[in-house]
Amino acid sequence: MAHYQPPKQGKASQLIDVVVLVVLTVGALFVPLWLGLAGAAKSVTNPVTTPTWETLGQTPAQSAKYEALGYTPETAHDLILARFDYSFSIGALLMMIVVIVLYYVLILRFSEVEYREVISEKFGE
Amino acid sequence: MTQVDITSPTMDGMGPHGTKVGLLRVLGPAHVWALGVGIVLVGEYMGWNFAVGKGGAYAALIACWFAGILYTCVAMIDSEVTSTVASAGGQYTQAKHIIGPLMAFNVGLYLVFAYTMLEAANAITAGYLFSVVATMSGHADALDQRPFIILVIMFLAWLNYRGVLATLTFNLVITAIAFLAIIVLFLSTSGILGGGIMEHAALFEGHELPYGWIGVLAAMHFGLWYYLGIEGTTQAAEEVRSPARALPFGTLAGIMTLLIAATLTWYVCSGVLPWEFLGDGVNGSVAPLFDTARLSGSTALVWLLGFGTLFATLASANGCINDASRAWFAMGRDKYLPGWFGAVHPRYRTPYRSIVFLVPIALIFALGAPLDQVITFSILSGLLGYTFMPLNIILFRRKWPLNSIKRGYEHPFHPLPAITLLTLCGVTFFAVFLGYGTQLVAMVGFYIVVSLWFHFWRYRFVNRGAQFTMPWPKPQGY
């Protein structure tokens, strides 16, 4: 097999490649943030109007710790009662599974094509 | 047995790379341990407690141990492969030789982003620590943390620029202090030395599993944070004096250290801090070991754990700069990225261009994104990398069976660790989906786009056969 001779890349082209990668990377993190789709925010679904340690579900031992940390029932209200919502749709779960599996299939198939070329050139046919 | 002996001192896995000046071979097993544990130990000082918020204290313990099994598999698999692929880039170089270029490109990016995001998270925590110290010492207004974040990243990048031996010796000292601080806190608060202040039963009463078993699954997301980064030991492969011995030894000693540190951390923190406070790493306990020390009533412990937290964040950021730059450098050297990044400093023998280039990237994330998002980005990149590892070891054993090349370390019970690792990765993907599904899809979408970019554009600049640098025989089946 004839050895593949890669083209020489100019400085401007190298710079563009770096910029493309950086833009894609920053976008992957910040676009979900900007769209408000990122993260699982906790929320208080059943607030207590006049909170006490008892109504917040705290035993004397637990409330003593909060007081040692500088909290009162009022300031600890949101911290104690906020909860995640773990409900999800099967459709969303299936979509995630499909996306991940497709991703690995894509990577492995393309890699195999490239790898055979590498081995062929390295060890000869 | 063939003539290929990677553990031979005269043929230690180094192949030709075409660079005029190579990285310096000056590190020993202790440096490898310091690199691995140094990166990870900050996970005990901050971040793991999000797992408590996800499912309660018991859920965090279960996640701690299952994540421990996951990372034990990672360490075993990594130790075998890297004892034969002794080259900078770690898992990137493994993938290049075992699976193929596109997989390698993706793995290289996983490494760079996992470590750069972790570095950013460390810098955020260091900035927070400085603000706490300012408040404790009487500073009235809220301290602007940004100058400290910038200073931490710039100082450590400078240290990395100047040489790997000083960098990792610095890591060795501060990591050892941070680890000893956890031991001292445990001994001082558990009743072994003096009076104990643990109240597990009282603090757990009525809150054993606040979300039920789905909370246990959800906790696996941040359970990874107890150990994330131990696989970074492989990045030192081109700079250790004896890769076949030092890498498995340093990596396996590292995971054992972390299993102890993680369990002790859970024990002392959950026995002193209420779970809702402990589990909220943004509005509650940002630095749980430090908060535990505060409630101990001992000023000495407060100072010790304050320094422990600071040292852990510095050691981690330091190791992350080291690892991310090696992965970026290795990809540049192979032309997977512009070849300009593949240069070694003529005097300090470090990948200096990669070190400098990644500084502003880390700053963008440290200054522009919330802590839990940065941690999640890091975890997701790590998780994608762990999913690659079972595939990697199965193909490695198939293409180069045990009798074809000598390994510095052969992990036992193959393929059980690979299957266990793949299963636990699947569980963790589900855990991430429960809270951060959008980021997961966004991230996989990002990797799909850059993969297409690499395959159809960037790969044309790569010299096909020359990128295979290991002195191995032809793989079976090709």
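Angles under 35 degrees count as roughly parallel, over 145 as roughly antiparallel, 65 to 115 as roughly perpendicular and the rest as oblique. This is a predicted model, in which local features need pLDDT of at least 70 and side-chain atom pairs count only at pLDDT 80 or more, while totals for chains, interfaces and linings use all residues. Residues are numbered from 1 along each chain as its sequence is written, and chains are lettered from A and ligands numbered from 1 in the order in which they are written.

**A helix pair within chain B**
- Helix H1 (residues 29-40) and helix H11 (residues 243-270) of chain B have axes 8 Å apart and an angle of about 40 degrees (axes are lines fitted to C-alpha atoms, for helices over the stretch in contact, and angles run from 0 to 180 degrees between N-to-C directions; helices are DSSP runs of H or I with at least four residues, numbered from the N terminus).
- H1(B) and H11(B) are therefore oblique to each other.
- Their contact includes B:Trp33 of H1(B) and B:Phe249 of H11(B) (residues are in contact if their C-beta atoms, placed from the backbone, lie within 7 Å).

**Where the chains meet**
- In chain B, 68 residues are in contact with 57 residues of chain A.
- H17(B) gives the largest share of chain B's side, 21 residues.
- The axes of H4(A) (residues 90-123) and H17(B) (residues 416-456) come within 10 Å and cross at roughly 30 degrees.
- H4(A) and H17(B) are therefore roughly parallel to each other.
- Among the residues that meet are A:Tyr103 and A:Phe110 in H4(A), and B:Phe429 and B:Tyr447 in H17(B).

Conventions:
Helices (H or I, at least four residues) and strands (E, at least two) are DSSP runs, numbered from the N terminus. Two residues are in contact if their C-beta atoms, placed from the backbone, lie within 7 Å.
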